[in-house]
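Trainee: I've got the structure open and I'd like to talk it through. Can we start with the overall picture and then work inward?

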Amino acid sequence: MPSNLMITATIFGGLGLFFFALQFLSQNLKLYAGHTLRTRVAKLTATPLTGIGVGAVMITITQSAAASVFLMVGLVRAGMMNLRQAQPVILGVSVGAGLTVLFLTIDIQIAVMLLVGASGIFYAYGGISAARLAGVAFGIGLMFLGLQIMREGAASLETQAWFQAAVEITRGQPMMGFLIGAALTILVQSSVAVTVVMIAFQRAGLFELTEAIMFVYGANVGSSVLTYLLASGLTGVARQVALYLVGFNFLAALILVPLLYIEINLGVPFVAAGVSAISNDPGTQAAVVYLVFNSIPVPFLLLALAGTARLLMWIAPETVIEQHSKPKYLTGNLPKEAGLAFHLIELEQARLINPLTAALDAMRPARSNRALADALDAFDSLEGSVSTAVNSVTSSTDLGADAYDQLDTILKVQANLIAARQTMNGLATEITQLRKNAPDLSFPDAMIEGLDTILHLLADVAQDRAADDIDMLSRMTSDEGNGIKSVRAAYLAGEDAVDADNRQHLLASANYCERLIWLAGEICRRYGELGRHGH
């Protein structure tokens, strides 16, 4: 008979492997979450039914709602999918999770071992593309292996007297099973993992059917409680998606928990009678209950897509940075005439300055690293839309001499904007170190204010192409202009106030500032060229 320590270690080891696999799988999936894939997924979610199918496939592959939500939030933020399109995908994720738990009741240990072995070999010795695909397969295999280990450990608990005594407490008290399921899910952070362990308990005959049903209900509600707690720090689209997941599970609980008590007290056949008719195996019955819980709200929510979308946008409106990440002018098919298409691209390209300004603002005191990361992510998302539009026009349209000149200028502006984004990230790293090691140094605040002025003037130039603004910005960003002079003066003023190590951070910060000023001047000059083209 296995010892308590061995049983605990087995369950804990399987749980750890399960969560490592989730993280490993998520990282490998992000390698595929580029602009092309996101565009294809967005097209597949054009109707609610296809959206449900996409969600079901996502959760079947990843076993992780977090990985699926990552892709959906990115799509909505990029403007490739609106919240109403994302809602059916979330419903599909829930249904797919139920089907996955049902699938896990089948003994697939041999297939899992073969998958882990083959994908591990390809991951280690394959090329880049093969390694990425193998990484996804390896993550899936590790998740199933972790769940299998947890099931084996859980099945051994039936032989332990202390566990049998603990289970006896729940006899005849379905609500106790509900609370235990919720508490375990909050602790473990996966209703799938908790339910799979409970299925092993059921097959060992540890729970009555009504208690097992309430345990499954509690596990799903516990997942919602955890999601809600995590969503308290989210804003905008991410919070909308999280709250929709929370609302889904609470709606299912509001429907199914009262029905179970009606069934228990009045003898009206509902879920318990239904799953008993489907299968005699207690584990399969628990899996069917999980599927029912994750399916019952779907028809109700499909009928209320518009209303729930409006409610979520009212509760958690889009943030300014999310608005920056969405294309405003490249939302439909581009004009066939190259000049008109390039004009729309120029307008969208000019909006890339907004997230750069937001990234600079995130470097001010008391701002979070999350604000900086969100601003840079918004830049990357919008930049991807602009680059895709440029590639689309150049590959499908015959360009004349004027159009080639216009394209050349657009590409140079794009390259400078991308360089500015990279420089901004480097500046943020150095300023973080200076604030930490030399909090009294005035250099960071002075540089942020100066760069803020330049970026706001650049935004005006990009928007209006006014000759006076172009002339002013050109003078400010020249080698003898106020921008470069102020950086050098601030550096010299702070050089003696820091030690040798921090002097390196100060010098790096000054170099980044000078490069940003130079890039702003280059972009200004290119916008002057666009102005001379008459755009």
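**Helices and cores**

Mentor: Let's begin at a helix end: just past H22, Arg 465 has a positive phi of about 55°. Keep in mind that this is a predicted model.

Trainee: What share of the residues is buried?

Mentor: Buried here means under 20% relative accessible area. Across the 535 residues of the protein, that comes to 52%.

Trainee: How far apart are the end C-alpha atoms of H22?

Mentor: Start from 1.5 Å a residue: with 22 residues, H22 should span 32 Å. The model agrees with that, because the end C-alpha atoms of H22 are 32 Å apart.

Trainee: And what about H12, how far apart are its ends?

Mentor: Run the same kind of check on residues 236-266, which make up H12. Its 31 residues at 1.5 Å each should span 45 Å. That agrees with the end C-alpha atoms, which are 45 Å apart.

Trainee: Are H19 and H22 roughly parallel or antiparallel?

Mentor: Their axes come within 10 Å and cross at roughly 170°. Angles over 145 degrees count as roughly antiparallel. So H19 runs, relative to H22, roughly antiparallel.

Trainee: Which residues of H19 make that contact?

Mentor: On the H22 side you'll find, among others, Ile 448, Leu 451, Leu 455 and Leu 458. Of these, Leu 451 and Leu 455 are among the buried residues of H22. From H19, the contact uses Ile 353, Leu 356, Thr 357 and Leu 360.

Trainee: Which element gives the most residues to the largest nonpolar core?

Mentor: That core has 68 residues, and Phe 342, Ile 345, Phe 443, Leu 458 and Tyr 527 touch the most other members. Elements giving two or more residues to it include H18, H20, H22 and H25. The top contributor, with 12 residues, is H21.

Trainee: Which residues does Phe 342 contact beyond its sequence neighbours?

Mentor: Leave aside anything within four places in sequence. What remains in contact with Phe 342 is Val 393, Leu 399, Ala 403, Gln 406, Leu 407 and Ile 410.

Trainee: How many residues are in the second core?

Mentor: This one is separate, and its members include Leu 209, Ala 212, Ala 252 and Ala 287. The count for that second core is 36 residues.

Key:
Residues are numbered from 1 along each chain as its sequence is written. This is a predicted model: local features need pLDDT of at least 70, side-chain atom pairs count only at pLDDT 80 or more; totals for chains, interfaces and linings use all residues. Side-chain values use heavy atoms; hydrogens and water are left out. Buried means under 20% relative accessible area, exposed over 50%, partly exposed in between (1.4 Å probe, protein chains only). A nonpolar core is a set of buried Ala, Val, Leu, Ile, Met, Phe, Trp, Tyr and Cys residues joined through side-chain atoms within 4.5 Å. Helices (H or I, at least four residues) and strands (E, at least two) are DSSP runs, numbered from the N terminus. Contact means heavy atoms within 4.5 Å. The expected span of a helix is 1.5 Å times one less than its number of residues. Axes are lines fitted to C-alpha atoms, for helices over the stretch in contact, and angles run from 0 to 180 degrees between N-to-C directions. Angles under 35 degrees count as roughly parallel, over 145 as roughly antiparallel, 65 to 115 as roughly perpendicular and the rest as oblique.
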